[in-house]
Amino acid sequence: MSQVPNVPRVHHTKRAGVADDIDFEIKGSEMQFVEIELDAGESAIAEAGTMMFKDQSIGMNAVFGDGSGQDGGFMGKLLGAGKRLITGESLFTTVFTHDGVGKARVAFAAPFPGNILAIKLDDHNGELICQKDSFLAAAKGVQIGIALQRKIMTGLFGGEGFIMQRLSGDGWTFVHAGGTVVERELKPGEVLHVDTGCLAAMTSSIDMDIERVGGVKSMIFGGEGVFFARLQGPGKVWLQSLPFSRLAGRMLQAMPQTGGSDRGEGSVLGGVGRLLDGDNRF
C-alpha cells in the first residue's frame with residue numbers, strides 16, 4: 001500500500017498519437033490544482049466551471065460532447081453528449097487551445113479537498129474506469145464515455161450506481177479524488193474489500209462485484225453499509241479516504257433540522273431513499 005505523492009513537473013516529446021502530448025504540474029496539498037502548459041496549437045479539455053486561470057493566448061470554446069476531436073459527424077457528437085448527460089455532467093465540454101506562439105498555461109482546480117491523479121491512459125491499456133463525477137481535465141483526444149455495471153446487484157448497491165465514467169485514449173487525464181489517495185496493485189486473483197464510496201478509479205482489468213458485510217447485526221449497526229465493493233485483480237485501483245457523499249452527509253447532519261425527512265448519514269430511511277442513487281450507506 002502506498003500513498004500517491006504530488007506529481008512533479010514532467011516533459012514529454014511531441015509524438016504522433018490520438019491525444020495532444022501536454023506538459024503539466026500539480027500544485028497544492030489539500031486543495032490542489034493542475035497547471036497545464038500548452039505548445040502552439042495544443043489543446044486541453046475540461047469540465048465546465050473547473051478553470052482557475054489561463055494565459056491570454058489560450059482561447060476557450062464550449063463544444064457539444066466530450067471534445068475529444070474524434071470524427072463521427074453529428075450523430076457521434078450527439079451520442080457523446082448523451083453519454084455525458086447520463087453520467088450527470090453537462091452536455092458541453094470546454095476546449096482550451098493555445099492560439100499564439102511559444103508556450104502558454106491554463107489551470108484547473110479541484111472542487112473539494114483531495115488529490116488530483118495524473119494518469120497516462122496508454123500505461124493502462126488505454127482505458128480507465130472512475131466514479132462518474134471525478135473527471136477534471138485531460139489532453140484533447142481523450143474520450144469520455146460511460147461504463148455500465150453488468151450485474152444488477154452491483155449496479156444497485158455498488159456505491160456508484162449503474163453508471164461510472166470510462167476514459168479512453170492514449171493521453172494524460174486528470175481525475176480528482178477526495179481526501180488522501182491510496183494506490184493498490186492487485187495480483188491475479190487477489191481480492192480487496194473496499195467501502196463502496198471509497199473507490200475512486202480502477203483499470204478495466206479489475207473485476208468489480210459486491211459482497212455482503214456480514215450478519216444482520218453488522219449490517220444494521222456496523223456503520224459500513226450493507227455491502228462491500230469486492231475488487232479482484234489483476235489490475236490497479238485508486239482509493240479515496242473522503243468520498244464526497246460522506247462529506248456532504250456529515251455537512252447535512254450538522255445542519256439545523258427544520259423539518260422534513262432525515263436524510264443524514266446513519267438514517268435508516270435516508271439510506272433506503274438513496275439506494276437507487278448508488279449510496280447504500282444506512
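Reader: In this structure, which residue of E8 is the bridge partner of Phe-53?

Author: The model discussed here is predicted. Strands E5 and E8 run antiparallel and are joined by 3 bridges. Phe-53 belongs to strand E5, residues 51-54. Its bridge partner in E8 is Ala-107.

Reader: In what order do the 4 strands of the open sheet stand?

Author: The pairing in this open sheet is antiparallel. Strands E2 and E5 stand at the edges with a single partner strand each, so one side of each has no neighbour in the sheet. Neighbouring strands are turned against each other by 20 degrees on average, direction ignored. The order of the 4 strands is E2-E3-E8-E5.

Reader: How many aromatic pairs are found in the whole structure, and which kind is formed by Phe-33 and Phe-53?

Author: A search of the whole structure gives 4 aromatic pairs. For Phe-33 and Phe-53, the ring centres are 6.4 Å apart and the planes stand at 70 degrees. An angle over 60 degrees counts as edge-to-face. The pair of Phe-33 and Phe-53 is therefore edge-to-face.

Reader: Is Phe-53 buried or partly exposed?

Author: Phe-33 lies in strand E3 and Phe-53 in strand E5, 20 residues apart. Phe-33 has a relative accessibility of 16% and counts as buried. For Phe-53 the value is 30%, and residues between 20% and 50% take the middle class. Phe-53 therefore counts as partly exposed.

Reader: How many residues apart in sequence are the parts tied together by Phe-96 and Phe-108?

Author: Phe-96 and Phe-108 form an edge-to-face pair, with centres 5.2 Å apart and 70 degrees between the planes. Phe-96 is buried at 3% relative accessible area, and Phe-108 is buried at 0%. Because Phe-96 lies in strand E7 and Phe-108 in strand E8, the pair ties together parts of the chain whose separation in sequence is 12 residues.

Reader: Which four residues are linked in a network of salt bridges?

Author: Side chains of opposite charge can pair when their charged atoms come close. Lys-27 forms a salt bridge with Glu-35, with the closest N and O atoms 3.0 Å apart. Glu-37 forms a salt bridge with Arg-105, and here the closest N and O atoms are 3.4 Å apart. The residues linked in the network are Lys-27, Glu-35, Glu-37 and Arg-105.

Reader: Is Lys-120 buried or partly exposed?

Author: The side chains of Lys-120 and Asp-122 meet in a salt bridge with an N to O distance of 3.9 Å. Asp-122 has a relative accessible area of 36%, so this residue is partly exposed. Lys-120 has a relative accessible area of 11%, which is under 20%, so Lys-120 is buried.

Reader: What distance separates the C-alpha atoms of Asp-170 and Ala-19?

Author: Asp-170 is found in the loop between strands E13 and E14. With a relative accessible area of 13%, Asp-170 is buried. Asp-170 and Ala-19 are 151 residues apart along the chain, and their C-alpha atoms are separated by 6.2 Å.

Key:
Residues are numbered from 1 along each chain as its sequence is written. This is a predicted model: local features need pLDDT of at least 70, side-chain atom pairs count only at pLDDT 80 or more; totals for chains, interfaces and linings use all residues. Side-chain values use heavy atoms; hydrogens and water are left out. Rings of Phe, Tyr and Trp (its six-membered ring) pair if their centres lie within 6.5 Å; planes under 30 degrees apart count as stacked, over 60 as edge-to-face and the rest as tilted. Helices (H or I, at least four residues) and strands (E, at least two) are DSSP runs, numbered from the N terminus. Buried means under 20% relative accessible area, exposed over 50%, partly exposed in between (1.4 Å probe, protein chains only). Two strands pair if DSSP finds at least two bridges between them. Axes are lines fitted to C-alpha atoms, for helices over the stretch in contact, and angles run from 0 to 180 degrees between N-to-C directions.
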